[in-house]
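This note is for a colleague who is meeting the structure for the first time.

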Amino acid sequence: MPREIELQPHALVLFAVALERDAASIASTPAAASALRDFIRDLKDFAALDDRHVRERIGWAHATVHASVDLQRDLDEDREAAGEVAAAAGDLLSRWKALDEQLDDAQRTRVQSLYGAALMDAAKLASQRAAPR
């Protein structure tokens with residue numbers, strides 16, 4: 001049995017953690033707090049889905065192993081997986097729009113800066129993992 005690979009932390013998980021940490025300063029109303037909780041939940045769900053698809057693409061976590069080669073079947077499975085990711089991205093975008101409507105300019109700027117920091121942290125972690133040991 002192949003050893004499970006360890007993926008680098010997903011940038012959206014890092015972003016979700018930062019949002020949780022700063023939730024009090026970002027969501028100043030009950031409606032904003034609710035929208036932020038929903039957005040954070042969907043960020044984590046999307047990252048988990050994306051990680052699952054990465055594992056499947058590199059062959060470590062295929063849900064189904066087939067005894068025969070079938071291009072049509074494999075392409076259909078890839079299309080279904082892409083549709084799943086597209087639907088999840090659409091849901092996440094809707095959550096972002098709902099949250100964005102609740103934020104003032106300073107809060108929106110804070111959220112954007114947390115997102116940028118999460119992207120940079122993920123890139124830094126990836127480069128550290130890629131460096132020779």
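1. A search of the whole structure finds three aromatic pairs. Rings of Phe, Tyr and Trp (its six-membered ring) pair if their centres lie within 6.5 Å; planes under 30 degrees apart count as stacked, over 60 as edge-to-face and the rest as tilted. Phe15 and Phe39 form an edge-to-face pair, because their ring centres are 6.1 Å apart and their planes stand at 80°. Since Phe15 lies in helix α1 (residues 11-21) and Phe39 in helix α3 (residues 30-57), this pair ties together parts that are 24 residues apart in sequence. Helices (H or I, at least four residues) are DSSP runs, numbered from the N terminus.

2. The model is predicted: local features need pLDDT of at least 70, side-chain atom pairs count only at pLDDT 80 or more, and totals for chains, interfaces and linings use all residues. Residues are numbered from 1 along each chain as its sequence is written, and side-chain values use heavy atoms, with hydrogens and water left out.

3. Phe39 also pairs with Trp96; this pair is tilted, at 5.6 Å centre to centre and 50° between the planes. Trp96 lies in helix α4 (residues 71-100) and Phe39 in helix α3, so the pair ties together parts that are 57 residues apart in sequence. Phe39 and Trp96 are both buried (under 20% relative accessible area, 1.4 Å probe, protein chains only; exposed is over 50%, partly exposed in between). Ring pairs link Phe15, Phe39, Trp96 and Tyr115 into a cluster.

4. Helix α3 also holds Ile40, which is buried at a relative accessible area of 8%. Beyond its neighbours within four places in sequence, Ile40 is in contact (heavy atoms within 4.5 Å) with Ala16, Leu19 and Glu20. The C-alpha atoms of Ile40 and Leu19 are separated by 7.3 Å, although the two residues are 21 residues apart along the chain.

5. His53 is likewise placed in helix α3 and counts as buried, with 4% relative accessibility. Leaving aside neighbours within four places in sequence, the contacts of His53 are Ala81, Glu84 and Val85.

6. Which residues line the second largest pocket? Phe15, Phe39, Trp96 and Tyr115 are among them, as are Leu12, Leu43, Leu92, Val111 and Gln112. A pocket is an open set of points on a 1 Å grid over the protein atoms alone where a 1.4 Å probe fits, with protein on both sides within 12 Å along at least five of seven lines; lining residues have an atom within 4 Å of a point. Helices α1, α3, α4 and α5 (105-130) each supply at least two lining residues, and α5 gives the largest share, three residues.
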